[in-house]
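Here are my notes on the model you sent over, point by point. Have it open as you read.

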Amino acid sequence: MIWDKNEQLSRDEYRAIQEAGLRRTVQYAYDRVPFYRRKMREIGIEPGDIRHLEDLRHLPLTTKDDLRHNYPFGLFATDLEEVVRLHASSGTTGKPIVVGYTARDLEIWTDLVARMVTLAGVTRKDVAQICFGYGLFTGGFGLHYGLERAGATVIPSSSGNTEKQLMLMEDFGTTVLVSTPSYALYMAEVAQQMGIDPAKDLNVKLGLFGGEPWSESMRKEIEARWGMTATDNYGLSEIGGPGFAGECFCRCGMHIAEDHFIAEILDRDNFQPLGPGEYGELVITTLTKEALPIIRYRTKDITRLFTEPCACGRTTMRMEKVTGRTDDMLIIRGVNVFPSQIESVLMEVKGVSPFYQLVVDRQGYLDTLEVHVELLPDYFTDNYADLKALEQQIEKKLYAVLSVTARVKLLEYNSIERTTGKAKRVIDKRPKLI
Ligand code: DLL
């Protein structure tokens, strides 16, 4: 089912919508956000200089650090009185980055997610169980309101407590599972341990998965275990959350909401725009956001774009699955984690040396994170209980910053290999995405 006419416009019509939205957004951001005004003035650009999509390349890029430096509300274009919701996502250090929504932003977000779930195949007959965390993460609330608007019966079961999730799934006849792809695999494993065969004993026909990268082989595995169609959807907090792009039943790329965003692919080294089909960094400009308009946001996600019409009848540009990142951000069980966040926690602990390593692995289908860190010689002790207590204390601090469990292993000084060049901070043992 097609949600609205904007899914089937001609390329010229999309261009016209985007150019009008671009002009409006650039003027709006210039007038209301000192940060954008300063950046544009620095390079001698006036809003009136930006008229066409080709002019986009003259505008400065925006990064996560820009949001961090303006924490919490410095890039907002409206007073807090106009803002009715806040969400947040990991920053590169201790503080998160904060995103705000006016009532109209929420209205548009809801509509975008409704459209996205509809294009994946959700109808009013569906019972959708949302196993994303409800909280600062945009996944839970974003999917919640969108699925309700699409007419599905929503079960806001949130994340965790897997056995109960499965019980609800069985009792309520869940037909749509919303989660990270890795959690879907973990759930299937727990189901099997409980004597439930998800493909036979449950009624889940469709998966709406997002929030983390996953491969085609992982898709096959999920589909086989659940007996479902697994679809991918992509978004990020900075541009509002999920609803930016999602797959239809053809599963040949994610349809981008081009009436609300402009997607560009830039060369990862020289930041020059690349053409359709070429891999590079995805950069997004919002066209309708009121509280937090974003111009040319560097997602650091690598993908490519297509404009050929899709067999589903939609004409929107599509993006391929994300194949990697240009920075060191890790996604652990759907939660974004920067090594620098961990470092800032460690460096505040007395007795801890600056030598540490993060070991990321996968147990079954769930990611694990271990933080190996050396103690300074004067602080090391053979007393097991003391070491354990300090490990637990650091684990607590890390949890408070990361919202994901990390196991801490304290090591004797000099046990981590020293390098003369860049320190190897992250050892990622998870299978590579193919
Ligand atoms: O993960 C928003 C979201 C929630 C999208 C639920 C889809 C479903 P953040 O927490 O800000 O927002 O994380 C954004 O997660 O830059 C990507 O690196 C990664 N990511 C999100 N979706 C996908 C996906 C949400 N489908 C960051 N494939 C992004 C690969 C994804 N990576």
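1. S7 gives the shell around the ligand its largest share, five residues. Along with strand S7 (229–236), helix H5 (138–150) is an element that puts two or more residues into that shell. Helices (H or I, at least four residues) and strands (E, at least two) are DSSP runs, numbered from the N terminus.

2. A word on the ground rules: this is a predicted model, so local features need pLDDT of at least 70 and side-chain atom pairs count only at pLDDT 80 or more, while totals for chains, interfaces and linings use all residues. Residues are numbered from 1 along each chain as its sequence is written, and side-chain values use heavy atoms, with hydrogens and water left out.

3. Back to the ligand. There are 23 residues around it, and Asp232, Asn233, Ser237, Asp301 and Asn336 come nearest; a residue is counted as near if one of its heavy atoms lies within 4 Å. By class, the shell splits into nine nonpolar, nine polar and five charged residues. Here Ala, Val, Leu, Ile, Met, Phe, Trp, Tyr, Cys and Pro count as nonpolar, Asp, Glu, Lys and Arg as charged, and the others, Gly among them, as polar.

4. Now the polar contacts (pairs of N or O atoms within 3.5 Å). The side chain of Ser237 has an N or O atom 2.6 Å from a ligand oxygen. For Asn336, a polar side-chain atom sits 2.9 Å from an oxygen atom of the ligand, and for Arg325 that distance is 3.2 Å. The protein buries 97% of the 600 Å² that the ligand exposes when taken alone (accessible areas by Shrake-Rupley, 1.4 Å probe).

5. Have a look at strand S11 (residues 280–286). Seven of its seven residues are buried, so the rest of the structure largely encloses this strand; buried means under 20% relative accessible area, exposed over 50%, and partly exposed in between (1.4 Å probe, protein chains only).

6. S11 has antiparallel partners. Strand S10 (residues 261–266) pairs with S11 over six bridges in the antiparallel sense, and Ile265 has Leu282 as its bridge partner in S11. S11 also pairs antiparallel with strand S12 (residues 297–303), over four bridges. Strands pair if DSSP finds at least two bridges between them.

7. Last, the rings. The whole structure holds eleven aromatic pairs, meaning Phe, Tyr or Trp (six-membered) rings with centres within 6.5 Å; planes under 30 degrees apart are stacked, over 60 edge-to-face, the rest tilted. Phe355 and Tyr413 are edge-to-face, because their centres are 6.4 Å apart and their planes at 70 degrees.

Notes. Polar contact = N/O pair within 3.5 Å; in protein donor to acceptor, adjacent residues only side chain to side chain.
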